[in-house]
Amino acid sequence: ALTQVGNRRYTEARLYATFAEFEHHQFPFGILFVDVDHFKSVNDTYGHDIGDHALCMVAKTLARNLRTFDFVGRWGGEEFLVLIMNVDGPKLAQVAEKLRVLIENSRFVAENQEIRVTVSMGATVAQKGDTIEKLVKRADRMLYASKEDGRNRVTMAS
């Protein structure tokens, strides 16, 4: 309810349905794991209300800049999972970078201060022989690579 995007249970259901279509009809898709950088410090510095507002801003930025058949859901805490349909690797990387830049340039004012956040992303395209677990783990590894490489970046699985 807070972010106005799908919750974890609904996101998992969409992921399973999308993966089933991929297995049966070979409809290509990719996933993005999106994590708000240094989110704890936002909460610690400005309070949980401002942190919630930052999560909403990220969710809205993601949702409003996807095609109608793509999907964004909250995975947990400050993490989101995005399903991008009908993409190959280069197109997924392009979409992810566009979303990252849009979030980086988004802001809101609270307590007379401009609040901005950045995100790190892990991106991967579903491949023949994948399971949902393998796909999610690969995106998660890419997310952590983005964080280790300095945050506010997209790391794409090759």
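Let's start with a term: a residue is buried if its relative accessible area is under 20%, exposed if over 50%, and partly exposed in between (1.4 Å probe, protein chains only). The model here is predicted, so local features need pLDDT of at least 70 and side-chain atom pairs count only at pLDDT 80 or more, while totals for chains, interfaces and linings use all residues. Residues are numbered from 1 along each chain as its sequence is written, and side-chain values use heavy atoms, leaving out hydrogens and water.

Now for the rings. Those of Phe, Tyr and Trp (its six-membered ring) pair if their centres lie within 6.5 Å; planes under 30 degrees apart are stacked, over 60 edge-to-face, and the rest tilted. That gives four aromatic pairs. One of them is Tyr10 with Phe71: the centres are 5.7 Å apart and the planes at 65 degrees, so this pair is edge-to-face. It bridges distant parts of the chain, as Tyr10 sits in helix 1 (residues 8-25) and Phe71 in strand 2 (residues 71-76), 61 residues apart. Helices (H or I, at least four residues) and strands (E, at least two) are DSSP runs, numbered from the N terminus. Phe71 is buried, at 8% relative accessibility, whereas Tyr10 is partly exposed at 43%.

Phe22 and Phe29 are edge-to-face too, because their planes meet at 80 degrees, with centres 5.8 Å apart.

Finally, have a look at Asn86, in the loop between strand 3 (79-85) and helix 4 (89-104). Its phi is near 55 degrees, a positive value in a residue other than glycine. Asn86 is partly exposed, at 47%.
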